[in-house]
Amino acid sequence: MGGGVGVSTTSVLGGVVKRREDPALIRGTGLYVDDLQLPGMLHVAFVRSPYAHARVVSVDASDAEAMDGVRAVYTAADVAHLGDLVTQVAVGKLRPLLAGDKVNHLGEAVAMVVADSRYGARDAADAVDVEYDPLDPVIDLKEAASDAALVHEDMESNVLLAWEGGPWGDEEAIAATQQTIADAKGRDDTVSVSIEAVNQRLLPMPMEPRSVVADWNVGYGRFTVHSSTQIAHALAGGIAQTFGLSLTDVRCIAPEVGGGFGCKLNVYNDEILVCFASQQLGRPVKFTETRRDAAGSTIHGRGWVATATITGTGDGQILGYELDGIADMGAYSQNFTVAIPFLGLFVGAGQYSFPTHWKVACVHTHTMTTDAYRGAGRPEAAYYLERAIDAYAREIGVDPAEVRRKNFIPADQFPGAATHIGFPMDTGDYETNLDALLETAGYEDLKAERDRLRAEGRLVGLGLATYVEVCGFGPSALVDLGFSWAAYKIPSGFSGSGLVRVQADGTASVIIGTGPTGQGHQTTWAQIVSNQLGIPVENIRVSHGDTAESPLGIGTFGSRSAAVDGSATYEAANKVRAKAADLAAHLLEASADDIVFADGGAHVAGSPDQQVSWSDIATLAYQPHRLPEGMEGGLEAHAVFSPGNATWPFGSHLALVEVDGDTGDVKLLRYIAMDDCGNVINPMIVDGQIHGGLAQGIGQAMFEDGDYEADGNLLKWSFVEYPLPTSADLPSFELHRTVTPTDINPLGVKGIGEAGTIGSAQTVVNAVVDALSPLGVTHVDMPLRPKRVWAAIQAAKTNGSVS
Amino acid sequence: MHVSLTVNGQRAVTDVEPRTLLVHLLREELGLTGTHVGCDTSYCGACTVILDGKTVKSCTMLAVQAQGADVTTIEGLAANGDLHPVQEGFWERHGLQCGFCTPGMIMSAVGLLSDNGSPSEDEIRHGLEGNLCRCTGYHNIVRAVEYAAAKMRGEEPPAPEWEEGSA
């Protein structure tokens, strides 16, 4: 094979390419799952619990079953043989497919109705008569952690485990760190500042509700399942596992998926149940969530209470950071549930080098399961850390930027730097990034402007925060820590794959194991392959989401797809390129080492006038009788990329806000971000990812609140009660970047899907607290809706007048 | 019940249950699945269509209320196959990611620009307040509408914020 193939054509990495997927989406011809209409297709509606905790006394479906067009009503007993919902990290109580003698959260499915029409299924679900005996729910996190009452009577404790560190798993080292921090607290030249804060539960709410269509073909003995999922391969494996089938007996297709943000990174009970119904009834069966279903029965995110404490000297040298928290797992564990705070543990000390003791207990409550929502553990960790650092900076009267700079892991510790739990990090240069933000934003001028307006009596604030993220999962060796995907029959760990095929006409098909939920894979992957082969982007078609044709990929989540599966595709393209060089060399009667790819084909270095096209090269590949002896026909390659580590993007953000002192209304005036995600493949797409991430972090800071009422009710059934940020709520964002490539993958990319969210909530809250600090306010819990901010102002004024 | 209306220039005649929503008539009877359903409460705007010249949320109307109406959906927006300037703007300025809110967002933007050909950023933001997007933070949606407004006025659209790459 040709080794040192000549240097590539014009690079399309780092350039803006308009998205290949957009023409269908802007014309309304993209296919989402609910658009599917299969012959004979039946529709599902669920009967759901109106109680957070109750015994199910009886389920009477006789009226429903008698209704026109109703094909079946299934209850727990009908599906008991299928077991609990297949779950990767099986710690805690696993979800039954349908609730049996007890319901454990509002919205839990008790019965499934299958009918001829969408409306008919809904009518019949309303006609199912369920008698409940309500029980007291466990909702409050501290109460849950105390085990005063058990969520599941057959478990010994509501506390499933606590993530704690200290250096990795080393109890002596944890104790030593605690002693170091205690010693620092004992010094008379230090101060300790604590904040107890709620990181409220959030509802992911992608604009496309989840939808699934299952079609059992009894002749082939095979399921074809269309689902709005981020993890098509895991879903196929989960169905296979549940029904005792092989991976080839289940074909899952994720067509256009209308956003996910982590909530489609789960195998759901409804996905299993429609398969069951299709098998029973011999017809295709569809379930599409209503928004109400989505609110109560699709996973939630966040849901922590914690106290964060910084101990440091009066001049800003931090000597210890402690986090003591409780994280809400909900009533049942699903895919990653208890692992989410684990991701926070990784980045518990952020960009800093101070001793850190971090402990978060995972508890069951009578609420919907929590799992991965954009950022997943890392926004919570960054929130507490950056809020506490700000509080400490305010207490000692040192500029918050200066405090951060003093405590960074220095750039010269890379490579070789490690997190507070001893996990190695790839690359980082935090001070350069922060300095770039401050200079670009005109930090000193902004502070002067804030102070000038403040002198006029206006409540103006500046908020700063930094973050380091762990993403691009990898490493493959996470398998050895139990994150193997084996529960879904795909024990591949966190590797990725790509397949590149040059067709006989010189165009290229790229088939990847992961699929997008809006990230633009069809464009980014075409750029990667175009860059390696010189085939124009418009001649490259990227396919994804069909497990019958795509190589194994575990999914798009954790900002990992480009870093891992993109790198695999890069390597597959290089294999194709090497073979194409041999083929071109044969056509041009030259040495493969002398072949240069350029202008949509190849030539011998120095002889660009004698060019062979990709069509010429591929045609030769598909006429094997013309090939030199020993060379195989075909022109395609598959590669698996095994990342040696996760990646560690970072950044710093600045917000300027004004608070209306009379109403508590917060106006976000400017938002300036300096992110570093390593190399950038398509700046337009990367910026778009940051925009959306910011909106979700700002959404948490200012608008969104998915917390349950004390009685276990969830009064968040629609966008009226659960307000997403609207266009009128947000400013245009000011984005900038530094570029510190990773050495973990050949593309040098780290991932950007979650960074905006991880960096932003605390930036906004720090700004609002700064705005209110002249009144003596040191903390306001999210979301910063007017009523809550107004109350904080009033309380501060009252306290101020008393003291 | 019998209902007849014009959709994207073609006459449609069908029988529906009285309670059938217009969006379900469009999607499930007429197969025009570009119009999406994103909520149950007429809040998200994914189902926005243009009915007799006005933007409406088609999940808010019964199909029978559209009797005799002239409806344009996303599929009917590209006249003779050429993209409408708003569609072009969304493509040129990366105004969409997952694409689910996009048809409704585009129809609302078309409505907005028919009322106000030179909207300020603030007017665009308030004009699209009834359409939710979870992906873009609206930043590039605003840029897309600014692009379309300029094109519809016959002017050169504002330059993109990113540096034009080599590709």
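This is a predicted model: local features need pLDDT of at least 70, side-chain atom pairs count only at pLDDT 80 or more; totals for chains, interfaces and linings use all residues.
The interface between the chains comes first. On the chain B side, 49 residues are in contact with 53 residues of chain A. Four helices of chain B each put at least two residues into the side that touches chain A, namely helix 2 (85-92), helix 3 (102-115), helix 4 (121-127) and helix 5 (139-152). Sorted by class, this side of chain B comes out at 23 nonpolar, 17 polar and 9 charged residues.

Chain B itself splits into domain 1 (2-74) and domain 2 (79-152). The C-alpha centres of these two domains of chain B sit 21 Å apart, and the contact between them draws on 14 residues from domain 1 and 12 residues from domain 2. On the domain 1 side, strand 3 (48-51) and strand 4 (54-57) of chain B each supply at least two residues. Strand 3 of chain B gives the most to that side, with 3 residues. The class tally for the side of domain 1 that touches domain 2 of chain B is 6 nonpolar, 7 polar and 1 charged residues.

Over in chain A, helix 15 (residues 521-533) and helix 16 (residues 561-588) pack against each other. Their axes come within 9 Å and cross at roughly 35°, and the crossing is right-handed. Helix 15 of chain A brings His521(A), Thr524(A), Trp525(A), Ile528(A), Val529(A), Gln532(A) and Leu533(A) to the contact, while the residues from helix 16 of chain A include Gly566(A), Thr569(A), Tyr570(A), Ala573(A) and Arg577(A). By class, the contact between these two helices of chain A has 8 nonpolar, 7 polar and 1 charged residues.

Helix 16 of chain A turns up again around helix 17 (residues 614-621) of chain A, as part of what covers the buried residues there. Those buried residues of helix 17 are Trp614(A), Ile617(A), Ala618(A), Leu620(A) and Ala621(A). They lie on the same side of helix 17 of chain A because they cover an arc of only 155° around the axis. Besides helix 16, the cover over the buried residues of helix 17 of chain A includes strand 17 (496-502), strand 21 (601-604) and strand 22 (607-613) of chain A.

Methods. Residues are numbered from 1 along each chain as its sequence is written. Chains are lettered from A and ligands numbered from 1 in the order in which they are written. Axes are lines fitted to C-alpha atoms, for helices over the stretch in contact, and angles run from 0 to 180 degrees between N-to-C directions. A crossing is left-handed if the near helix is turned anticlockwise from the far one by less than a right angle, and right-handed if clockwise. Two residues are in contact if their C-beta atoms, placed from the backbone, lie within 7 Å. Ala, Val, Leu, Ile, Met, Phe, Trp, Tyr, Cys and Pro count as nonpolar, Asp, Glu, Lys and Arg as charged, and the others, Gly among them, as polar. A residue is buried if 20 or more other C-beta atoms lie within 10 Å of its own, exposed if 12 or fewer, and partly exposed in between; C-beta atoms are placed from the backbone. The arc is that of the directions from the helix axis to the C-beta atoms. Domain bounds come from an automatic or database domain assignment.
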